Amino acid sequence: MWLAFGQGLAGGAVTLLGGYVGYRLAGRTERDKVKLEALRHVNSRLRDLTQFVQSRAGEEPLTLLPEVINEWFTVLEDDPPPKGTPANIIAVEALVGILEIALEEGRAFVAGEMTGRDPAPAIVSVIRRSRAQCSKWITDGSPSPSKLRARHGVAVERRDVAMAEFQTIVTRPRPVGD
């Protein structure tokens, strides 16, 4: 009798444990699907941004760069990737790369040393690197949550620094003679 009772109790515990594990895996799978879909969506939006930049190749840097930044901001405001997800990190890192190109051109402008280079190839290169990272995470999986948090923190910090410097350049008076 005790043996039958013990077997019944053990069988019930296994059933409960199996149900719990199945529940956790189903939830994780659903979260993974959401993350993958967000990565695919950001990858698609980056592809669209590449086309936007390529269609404006040859424009003056001080015309093209604000257009590209505004276009990416509009994309991120209209349909933002979920915060803290791999897609969000890719989106912020792409923005940082574009801002850094804009800062380089802005610094040259303020110093009166415009390069005259078309920034479109550099912007497309930044976007392609972001798309490659996005594709890698879609196929291979994203890093661990702790690595994602650290990377997100670095990306947000770089974005904030770049935005602050960009604002000081934008509000600085033009060089004499312009």
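Does glutamate 37 count as buried, partly exposed or exposed, and at what relative accessibility? Glutamate 37 counts as partly exposed because its relative accessibility is 48%, and exposed would need over 50%.

## Model and confidence

The structure is a predicted model. Mean pLDDT over the chain is 82, with 79% of the residues at 70 or more. Confidence is lowest in H1, where the mean is 70, and highest in H4, where it is 95.

Over residues 20-28, pLDDT stays under 50. The model has zero contacts beyond four places in sequence for residues 20-28. Where pLDDT is low, the predicted coordinates should not be read in detail.

## Overall fold

The chain has five helices and zero strands, so the order of elements from the N terminus reads α-α-α-α-α. The helices are H1 (2-55), H2 (61-78), H3 (86-110), H4 (120-140) and H5 (145-171).

Of the 178 residues in the chain, 30% are buried. The accessible surface of the chain is about 10,900 Å², and carbon and sulfur atoms hold 58% of that area. Among contacts in the chain with a separation of 6 or more, 78% are between residues 24 or more positions apart.

H3 contains 25 residues. From its first C-alpha to its last it reaches 36 Å, close to the 36 Å expected at 1.5 Å a residue. H3 is mostly covered, with 20 of its 25 residues buried. After H3 comes glycine 112, which has a positive phi, near 75°.

Threonine 85 sits in the loop between H2 and H3. Threonine 85 counts as buried because its relative accessibility is 11%, and the cut-off for buried is under 20%. The side chain of threonine 85 reaches the backbone oxygen of proline 82 at 2.6 Å.

## The nonpolar core

The largest nonpolar core has 36 residues, and Val68, Trp72 and Ile123 touch the most other members. H1, H2, H3, H4 and H5 each supply at least two residues of this core. H3 gives the most, with eleven residues.

Setting aside residues up to four places away in sequence, valine 68 touches Leu49, Phe52, Val53, Ile98 and Ile123.

Glutamate 37, the residue in the opening question, lies in helix H1.

Serine 130 belongs to helix H4. Serine 130 counts as buried because its relative accessibility is 8%. What does serine 130 contact, leaving aside its neighbours within four places in sequence? Serine 130 is in contact with Leu46, Ile90 and Ala94.

Note on methods: Residues numbered from 1 in each chain as written. Predicted model: local features only at pLDDT ≥ 70, side-chain atom pairs only at ≥ 80, totals over all residues. Heavy atoms only, no water. Helix = DSSP H or I, 4+ residues; strand = E, 2+ residues; numbered from the N terminus. Expected span 1.5 Å × (residues − 1). Buried < 20%, exposed > 50% of the residue type's maximum accessible area, 1.4 Å probe, protein only. Contact = heavy atoms within 4.5 Å. Areas by Shrake-Rupley, 256 points an atom, 1.4 Å probe, with all protein chains shown as cover. Polar contact = N/O pair within 3.5 Å; in protein donor to acceptor, adjacent residues only side chain to side chain. Core = buried A, V, L, I, M, F, W, Y, C linked by side-chain atoms within 4.5 Å. pLDDT = per-residue confidence, 0-100.
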